[in-house]
Amino acid sequence: MIRKIGYYLIDLLAVIIFYFAFIYEGAKDNRYMLLLTLFIAYVILSIAKNIFKEHSKIILVILCLKILLLLFIEINSKFAINYFIHAVYLLIIIESTSLLSFKSSLIINSLAFIVSLYKFLNLISFNNSISNISQMFLFVLINSLVIIILGFAKYHQEEKSKIDNIYKELLNAHYKLKDYAQQIKELTTTQERNRIARDLHDTLGHNMTGLIMQLEMTSSMMDKDMDEAKVLMEASKITARESLKKVREIVETFKDESRMYTDIGAIKELIDEFSSKTGVKISFEIKGEKIALSPDVYITLYRVIQESMTNAVRHGKADEIKIVIKYEKDVIRFSIVDNGVGCDDVCEGYGLKGMRERVGLLGGFIEYRNECGFEVMGEINRG
């Protein structure tokens, strides 16, 4: 609002200056009509300037026309220099600085400065007295100071505006980052819960299957061989204690999975332990050139084999399992085949979904096949 009032004050000041300029001219007849027409044209351009003040390109054209119009008015003055008319150049310089960007206002101000020298140069060409040269020098100095001061103020205004915009953008980015951080926190919490749920399922399901098999074998051996039954009972106690220990570790979530399994030997121990507890015959074969794999790949292979063996005994009633891991150029292929009853219509429970999620996170896939038993097969990127 204050700037708008300022624009109208500049126009009003221009009208007042032109009024005194016309009185000073004392123009009559044709010259009076010409100067009046030029003045009206100048007023029209001022009105257009206020209408289109938000359009910098139009303002640039209007101010150029005002400079040329002012020059034409000066040329038709009867005086060598009419100082009233000449003062309007300063108003144009002020207008350009207020309405245009620093670079655009510099163009207009330079043009106004150059055009305004025409009358002085013309005067000196007729009479190069010290007085005229001094007047021109004073005029150049005043206009230069005005242009420099206004330009300096405009430049700093624009820089401050840029800094304010950058600050607002940074503030918005900060709020967005806070939102993203909260989303990531929630996502991480969900993923961690899913991981803990998978580990509870895999660990408890696997160990409970082994424990049930041991207890069933103990029950059947009690009437035949009490000593053997006692041995199986002790083994069952050990299995139960191990299960409890692993559940506690998972619930606490302090254990780092990447430290649990560092080589394929951990999978071999898992297979031997499961075979020992359940009495299932398990063959394990590794094909291809062995390479160092990331902990995530080892953990996924471990969990897939663990869940597959558990399902083979629990659901398939299998007594033989064949496990093959094949190292290829870019992927690790795996196959777990049992001789159980199989399943024509596979309905993925929590265990199978967990396996698919683990494998999918590593850019792999998993499939099931029911031919002479049940087969779990798939591949994982080597990482």
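Start with helix H3: its 20 residues should span 28 Å at 1.5 Å a residue, and its end C-alpha atoms are 29 Å apart, which agrees. The expected span is 1.5 Å times one less than the number of residues. Helices are DSSP runs (H or I, at least four residues) and strands are too (E, at least two), numbered from the N terminus. Heads up: this is a predicted model, where local features need pLDDT of at least 70, side-chain atom pairs count only at pLDDT 80 or more, and totals for chains, interfaces and linings use all residues. Residues are numbered from 1 along each chain as its sequence is written, and side-chain values use heavy atoms, with hydrogens and water left out.

- Among the buried residues of H3 are Ile 59, Lys 66 and Glu 74; buried means under 20% relative accessible area (1.4 Å probe, protein chains only).
- Ser 77 sits in the loop between H3 (56–75) and H4 (83–86), and is buried at 11% relative accessible area.
- Leaving aside residues up to four places away in sequence, Ser 77 touches Glu 25, Arg 31, Asn 82 and Lys 119; contact means heavy atoms within 4.5 Å.

**The sheet**
- Five strands form an open sheet with mixed pairing, in the order E1-E2-E3-E5-E4; two strands pair if DSSP finds at least two bridges between them.
- The edge strands, E1 (281–287) and E4 (365–369), each pair on one side only.
- E3 (residues 331–338) and E5 (residues 374–381) pair in the antiparallel sense over eight bridges, and Ser 335 has Met 377 in E5 as its bridge partner.

Technical notes
Buried < 20%, exposed > 50% of the residue type's maximum accessible area, 1.4 Å probe, protein only.
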